[in-house]
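Colleague: Thanks for making time for this. Could we go through the model together, so that I can ask what stands behind each label?

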Amino acid sequence: MADHEHDHDAHDQDAHEHQDEHEHQDEHQHEHAHHEHSYQAAISGYRAEKDAFFKSSTNSPVPAAERSSFEGLPYYPIDEDLVFDELRLEPYAGSEPSNFQIPTSDGKLRPAHRAGTFTFELRGAPRRLTAYTFDGGNGRSLFLPFLDETSGRETYGAGRYQDLEPDDDGTYAIDFNLAYHPSCVYAPQFSCPLTPAENRLATRIEAGERLPEGEPAP
């Protein structure tokens with residue numbers, strides 16, 4: 001686990017063309033439905049595997065005494081509109097230093113590097129998130145923490161995470177359905193990087209892991 005839409009002949013021709021168009025539309029809708037079903041099944045399968053890991057693995061972040069009653073992580077509904085693919089990592093051009101110390105949940109500092117930024121459009125506005133790497137990494141795997149307007153209410157106050165790997169063409173995909181909580185949400189002995197303020201999105205991201213309804217946000 002990662003801490004990851006006329007004449008008779010002319011009439012016949014028009015009818016034939018309309019039928020071809022209708023069949024093509026049906027085929028397109030079927031392909032879209034198949035893609036949607038496949039995607040939904042893939043996300044659901046991943047979540048089921050993670051739940052099984054959390055419940056039974058000795059490496060689970062859920063405290064051992066709580067695993068027998070663990071019934072699965074709470075999630076927002078899967079939303080394919082919150083998947084952004086073919087994104088290019090752009091050079092970081094902000095005012096913060098490229099190399100810095102990222103604070104952690106246990107009051108420590110961890111060496112980190114601003115690897116670059118991703119820009120995408122969401123709800124009619126451009127959004128930008130900075131991606132990070134840590135010492136000892138391969139330089140291609142990226143850490144993408146973020147805050148949004150659910151943070152501190154429905155999701156962990158210090159942010160949620162994504163781990164990004166490049167596609168074959170060098171682009172990346174941000175899939176908010178894969179957003180997950182750090183391990184320190186479940187047990188305080190874990191040391192989890194806190195999301196830098198530059199990665200706060202001024203919108204709600206209702207996708208990925210959330211806190212149980214009615215439970216106060218840590």
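Modeller: Gladly, and let me start with accessibility: buried means under 20% relative accessible area, exposed over 50%, and partly exposed in between, with a 1.4 Å probe and protein chains only. This is a predicted model, in which local features need pLDDT of at least 70, side-chain atom pairs count only at pLDDT 80 or more, and totals for chains, interfaces and linings use all residues. Residues are numbered from 1 along each chain as its sequence is written, and side-chain values use heavy atoms, with hydrogens and water left out.

Colleague: Why is Glu86 called exposed?

Modeller: Glu86 has a relative accessibility of 61%, and the cut-off for exposed is over 50%, so Glu86 counts as exposed. Glu86 sits in strand S1, where strands are DSSP runs of E with at least two residues and helices are runs of H or I with at least four, numbered from the N terminus. Its phi is near 60°, a positive value in a residue other than glycine.

Colleague: Which other residue has a positive phi although it is not a glycine?

Modeller: That is Arg123, with a phi of about 55°. Arg123 lies in the loop between S3 and S4.

Colleague: What is the order of the elements from the N terminus on?

Modeller: The order is α-β-β-β-β-β-β-β, with 1 helix and 7 strands in the protein chain. Of its 218 residues, 38% count as buried.

Colleague: How confident is the predictor in the protein chain?

Modeller: On pLDDT, the predictor's confidence in each residue from 0 to 100, the mean is 86, and 82% of the residues reach 70 or more. Over residues 1–34, though, the pLDDT is below 50, and this stretch has 14 contacts beyond near neighbours in sequence; contact means heavy atoms within 4.5 Å. Where pLDDT is low, the predicted coordinates should not be read in detail.

Colleague: What makes a set of residues a nonpolar core?

Modeller: The set must consist of buried Ala, Val, Leu, Ile, Met, Phe, Trp, Tyr and Cys residues joined through side-chain atoms within 4.5 Å. The largest such core has 19 residues, and Phe118, Phe120, Ile174 and Phe176 have the most contacts inside it. At least two of its residues come from each of strand S1 (83–87), strand S3 (109–122), strand S4 (125–134), strand S5 (142–146) and strand S7 (172–175). Another core, of 12 residues, lies apart from it and includes Phe100, Ala112, Tyr161 and Tyr180.

Colleague: Which residues is Phe118 in contact with, leaving aside its neighbours within four places in sequence?

Modeller: Among them are Leu87, Leu129, Ala131, Leu144, Leu164 and Ile174.

Colleague: How do you know whether Ala131 is buried or exposed?

Modeller: Ala131 has a relative accessible area of 0%, which falls under 20%, so Ala131 is buried. Its place is in strand S4. Beyond four places in sequence, the residues that Ala131 touches include Leu89, Gly116, Phe118 and Leu142. The C-alpha atoms of Ala131 and Leu164, 33 residues apart along the chain, are separated by 8.9 Å.
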